[in-house]
Amino acid sequence: MHSHLNFENPPALPHAVVVETLERALRDRSAEGEAAGVLVGTALNDDDANFVEFWCVQVGTQAVPGSPLLGLAGLCLGHTARRFGRLSDEALALAESLAARAEAEPTDVDGRAVDGYDDVRSFLHLW
């Protein structure tokens, strides 16, 4: 018998939960797994563009080198660009920087940052 795995994107959570979870993960790497789901759910499903972008930038600038949250922050900036059609100059520069870091040293920032920056360039017509 062949079983099928179902994947569902995480939901958006109340802002207070997002803030608490992401702040905890930036202090304590053992909380990164939970924070990853929270960040993705926020990027894909929260309707407050400023909140989404703010937390992608916070995670992308404060996570330690080698943290999987860095590549994920870059990917989520791509989701943000796709969903809202805009990014601040700071967020755009961060998406580009994370992608460059991923290309230069994948153990620093994983390749999801490159995918995110490709989305940013595509959806914001920066080619």
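This is a predicted model: local features need pLDDT of at least 70, side-chain atom pairs count only at pLDDT 80 or more; totals for chains, interfaces and linings use all residues.
**Notebook: a helical chain and its ring pair**

I started at Trp55, which is buried at a relative accessible area of 7% (buried is under 20%, exposed over 50%, partly exposed in between, with a 1.4 Å probe and protein chains only). Numbering runs from 1 along each chain as its sequence is written, and side-chain values use heavy atoms, with hydrogens and water left out.

Next I looked for ring partners. I found one aromatic pair in the structure. Phe54 and Trp55 make that pair, edge-to-face, with 5.2 Å centre to centre and 85° between the planes (ring centres of Phe, Tyr and Trp, its six-membered ring, within 6.5 Å; planes under 30 degrees apart are stacked, over 60 edge-to-face, the rest tilted). Phe54 itself is partly exposed, at 43% relative accessibility.

Then I checked the fold. I count six helices and zero strands (DSSP runs: H or I of at least four residues for helices, E of at least two for strands). The radius of gyration is 14 Å, close to the 14 Å of the globule rule for 127 residues, so the chain is as compact as a globular protein of that length (C-alpha atoms; the rule is 2.2 Å times the number of residues to the power 0.38). The C-alpha trace spans about 45 × 35 × 30 Å along its principal axes.
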